Amino acid sequence: MQELKEKIDKKNLPSHIAIIMDGNGRWAKKKGLMRVFGHESGVKSVREAVEGAAEIGIKYLTLYAFSTENWNRPQYEVNALMKLLVKTINKETKTLMDNDIKLNAIGDLQSLPKDCFDELHEAIAKTSNNKHMTLTLALSYSSRWEIVKAVKEIAEKAEKGLLKSNDITEDIFTSHLVTANIPDPELLIRTSGEHRISNFLMWQLSYAELYFTKKLWPEFNRNDLFEAIYDYQQRERRFGMTSEQLENVK
Ligand code: IPE
Ligand code: IPE
Ligand code: MG
């Protein structure tokens with residue numbers, strides 16, 4: 001375990017890692033348990049990922065915890081997830097303080113149950129001066145929701161005469177996204193063997209390296225995170241250029 005961590009080049013770390021934490025239900029099913037146990041068991045993997053990222057020096061970690069589409073799950077599962085969220089945020093605030101981690105949340109937070117919204121904001125306020133890493137939870141989030149929201153805000157500014165269509169640039173658009181203060185992720189990890197984005201950070205992931213693992217989320221630990229980072233470091237990020245061009249820049 002130590003070995004892999006040592007192999008990682010600390011000067012070439014992704015500044016932002018995003019994770020689609022998937023496979024809790026299948027993990028539970030495999031064990032003959034209810035799906036909800038899978039979610040509960042996934043909390044320790046959240047801790048592993050958060051502590052692992054902070055330990056190695058990642059500045060931003062974003063976790064997809066609940067999508068807009070997840071509201072369509074059976075009501076009892078939604079309720080259980082919301083309850084678990086309240087409990088986890090409450091319990092883990094200490095871990096965040098101990099590791100100097102600032103909590104942030106993106107998504108349609110108004111749609112969360114009130115106790116969840118309150119607990120979240122309390123933890124965000126408590127950790128607001130922490131500097132080592134920013135942990136963003138995507139809750140009731142979807143990329144299409146975010147993009148439509150940004151377009152509406154821009155249209156409102158245009159209606160008020162604050163902005164002309166010619167002024168709209170990629171930077172202006174980015175500044176209206178809920179991730180405005182966060183750099184784009186260089187690395188996206190998805191567990192459980194699914195190869196899709198599921199409405200997550202579609203604009204921001206434009207040039208991210210994608211890493212898929214068959215491990216189910218409750219099986220994921222910090223060594224898996226280190227493995228993903230190591231894999232990322234073996235890749236050549238060309239941004240549309242040729243290998244030869246990149247050689248010349250080096
Ligand atoms: C991810 O695990 C957790 C959430 C989406 C909230 P799933 O609940 O999607 O687990 P699978 O994909 O059904 O195994
Ligand atoms: C994506 O997982 C959302 C989260 C991890 C929160 P899902 O399990 O909801 O995605 P699909 O339905 O398989 O695409
Ligand atoms: Mg799933």
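## Reading a ligand site

By class, the shell around ligand 2 holds five nonpolar, three polar and four charged residues. The model is predicted.

Me: Which residues are around ligand 2?

Reply: Start with the neighbours. A residue counts as near if one of its heavy atoms lies within 4 Å. Here the shell includes Ile20, Met21 and Asp22.

Me: Which element gives the most to the shell around ligand 2?

Reply: Strand 2, residues 60–67, gives the most, with four residues.

Me: Which side chains have a polar atom close to an oxygen of ligand 2?

Reply: Look for N or O pairs within 3.5 Å. In Arg196, a side-chain N or O atom is 2.8 Å from a ligand 2 oxygen. For Asn70, a polar side-chain atom lies 2.9 Å from an oxygen of ligand 2. For Asp22, the distance is 3.2 Å.

Me: How much of ligand 2 does the protein bury?

Reply: Compare the ligand alone with the ligand in place. Alone, ligand 2 exposes 390 Å². The protein buries 78% of that.

Me: Where does ligand 2 sit?

Reply: Ligand 2 sits in the largest pocket. That pocket has a volume of about 830 Å³. Its lining has 40 residues, and the closest to its centre are Met21, Asn24, Tyr64, Ala65 and Phe66.

Me: Which element gives the largest share of that lining?

Reply: Helix 4 does, with ten residues. By class, the lining has 20 nonpolar, eleven polar and nine charged residues.

How values were computed:
Residues numbered from 1 in each chain as written. Chains lettered and ligands numbered in written order. Predicted model: local features only at pLDDT ≥ 70, side-chain atom pairs only at ≥ 80, totals over all residues. Heavy atoms only, no water. Polar contact = N/O pair within 3.5 Å; in protein donor to acceptor, adjacent residues only side chain to side chain. Areas by Shrake-Rupley, 256 points an atom, 1.4 Å probe, with all protein chains shown as cover. 1 Å grid on protein atoms, 1.4 Å probe; cavity = no way out; pocket = protein on both sides within 12 Å on 5 of 7 lines; lining within 4 Å. Sits in = over half its atoms within 2 Å of the grid points. Helix = DSSP H or I, 4+ residues; strand = E, 2+ residues; numbered from the N terminus. Nonpolar A, V, L, I, M, F, W, Y, C, P; charged D, E, K, R; others polar. Points joined across faces, edges and corners; volume = space filled by probe spheres on them.
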